[in-house]
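Subject: Structure handover

Hello,

Here is the structure you asked about. Please open it alongside this message; my notes follow below.

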Amino acid sequence: MNVCLPAQADAGCAEAEQGWNWGGVFVGLAKSPGAKPARPRGRPPKTVPVEAPGETSAQEMDTGKPVGAVLNGLKILRFLSRSATPVSLTQIVQELDINTSTGFNILRTLVQEDYVRFDPQGKVYSIGLGVMELVRGAATVAGDINAVRPVMDRIAREHNVTVTLWRRITTDRMVLLLEALGTGHMRIKMSVGQRLPLMIGAAGRVMVGRAGLSQDEMRRQFASLRWDHPLSFEEFMAQVEEAAERGWGLDYENYALGTASIAVPVGGDRGAEGGGPLMAVTATMFASQCNPERAARIAAALDEVTRALAPALPHL
């Protein structure tokens, strides 16, 4: 988290050339994942209906064993997308440290699905047009999310706060998707794409109760957190319950001294059909700017973001 002057924030405020650590917040002037049984000859056997497995929890999805072939396929696609010219099988397997036979079979499959293009004359591979389907889908999701940016910008200006949109991506992590800055002489700046522990800050207080975590898992995650102003697990859970009752959470100088944040949950409600991904929208400010009345007004304003996102949640 950086604190920057407006001119630098408008220029990007990515990294600070100089500054100091103030209660865990960096303050400074900023620069701009057995053998197959033998098959009888003749007609293939009739397909036997298989009962679909039960629903998989988010925790199982996050902690399950990765599939090696899928990981290698993704490595190949990333490598080809970065290659300026078509490359041979030998180049690919040597660069990515993949078995030659495995690499060939993955590439053959990707070629069949049009995700990779094969030149039989030069015996080289390049990225295929099939990936455009994935790009279009990702662009649609990005467009759905960016639809709330004007609302976030207005709230940030009107209340002189930094408004951020977070999404849970693993059992214990969340990522920053969008950010809008206020108009004060100094602003709190965060970097889109940065990841934080799921239970940290105000966002953690509104998301953890909807995350479907066991008590033991919550204790495990909490024990790994680093706070500027520590609180006990029991105190934290009491604040989680309070946040659930009033509809918004508050972190006052626990995560970072000198700052306060307010968060409202977005989707992810296990009790609601089609609740969507687990997300939160937050407003962060200097602690001196925060009081109970102002916190309630800002939380009400953040509800506008949740309503604006509601139509897009099934696609996120």
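Two rings of Phe, Tyr or Trp (for Trp, the six-membered ring) count as a pair if their centres lie within 6.5 Å. Planes under 30 degrees apart are called stacked, those over 60 edge-to-face, and the rest tilted. On that basis, the whole structure holds five aromatic pairs. Please keep in mind that this is a predicted model.

**Aromatic pairs**

Start with Phe-222 and Phe-233. Their ring centres are 5.6 Å apart and the planes stand at 70°, so this pair is edge-to-face. Phe-222 sits in helix H9 (residues 215-223) and Phe-233 in helix H10 (residues 233-246), so the contact ties together parts eleven residues apart in sequence. Phe-222 is buried, because its relative accessible area of 11% falls under the 20% cut-off. Phe-233 is buried too, at 7% relative accessibility.

Phe-222 also pairs with Phe-236. Here the centres are 5.3 Å apart and the planes make an angle of 45°, a tilted arrangement. Phe-236 lies in helix H10, so this pair again ties H9 to H10, between parts 14 residues apart in sequence. Phe-236 is buried, as is Phe-222. Ring pairs join Phe-222, Phe-233, Phe-236 and Trp-227 into a cluster.

One further ring contact involves a charge. Arg-246 lies over the face of Trp-248, 4.0 Å from the ring centre.

**Salt bridges**

Side chains of opposite charge can pair when their charged atoms come close. How many salt bridges does a search of the whole structure find? The count is eight. Three of them are described here.

- Arg-154 and Glu-304 meet at 2.4 Å, N to O. Arg-154 is partly exposed at 27% relative accessibility, and Glu-304 is partly exposed at 26%. Glu-158 joins these two in a network of salt bridges.
- Asp-251 and Arg-205 have their closest N and O atoms 2.8 Å apart. Asp-251 is in strand S11 and Arg-205 in helix H8 (residues 201-207), 46 residues apart. Are these two buried or exposed? Both are buried.
- Glu-234 and Arg-219 have their closest N and O atoms 3.3 Å apart. This pair links helix H10 to helix H9, across 15 residues of sequence. Glu-234 is partly exposed at 48% relative accessibility, and Arg-219 is partly exposed at 40%.

**Strands**

Look at strand S12 (residues 259-266). Eight of its eight residues are buried, so the strand is largely enclosed by the rest of the structure. Thr-259, Ser-261, Ala-263 and Pro-265 point one way. Ala-260, Ile-262, Val-264 and Val-266 point the other way.

S12 has strand S11 (residues 249-252) as an antiparallel partner, joined by four bridges. Leu-250 stands opposite Ile-262 there. S11 and S12 form a hairpin with six residues between them. Glu-253, in the turn, has a positive phi of about 65°. S12 also runs antiparallel to strand S13 (residues 279-286), joined by eight bridges. Ala-260 has Met-285 of S13 as its bridge partner.

Elsewhere there is an open sheet of three strands, in the order S4-S6-S5, with antiparallel pairing. Strands S4 (87-88) and S5 (116-119) stand at the edges with a single partner strand each, so one side of each has no neighbour in the sheet. S4 pairs with strand S6 (residues 124-127) over two bridges. Ser-88 stands opposite Val-124 in S6.

Val-67, Val-70 and Leu-74 make a nonpolar surface patch of about 230 Å². Val-70 lies in helix H3 (residues 68-82) and is partly exposed, at 48% relative accessible area.

Leu-309 lies in helix H11 (residues 292-309). It is buried, with a relative accessible area of 0%. The C-alpha atoms of Leu-309 and Ala-147 are 7.8 Å apart, although 162 residues separate the two along the chain.

**Overall figures**

The protein chain has eleven helices and 13 strands. Of its 316 residues, 41% count as buried. Its accessible surface is about 18300 Å², and 53% of that belongs to carbon and sulfur atoms.

Best wishes

How values were computed
Residues numbered from 1 in each chain as written. Predicted model: local features only at pLDDT ≥ 70, side-chain atom pairs only at ≥ 80, totals over all residues. Heavy atoms only, no water. Buried < 20%, exposed > 50% of the residue type's maximum accessible area, 1.4 Å probe, protein only. Areas by Shrake-Rupley, 256 points an atom, 1.4 Å probe, with all protein chains shown as cover. Lys NZ or Arg CZ within 6 Å of the ring centre and 35° of its normal. Patch = residues over 30% accessible without salt bridge, like charges linked within 9 Å, V, L, I, M, F, W, Y side chains within 5 Å. Salt bridge = Lys/Arg side-chain N within 4 Å of Asp/Glu carboxyl O. Pairing = 2+ DSSP bridges.
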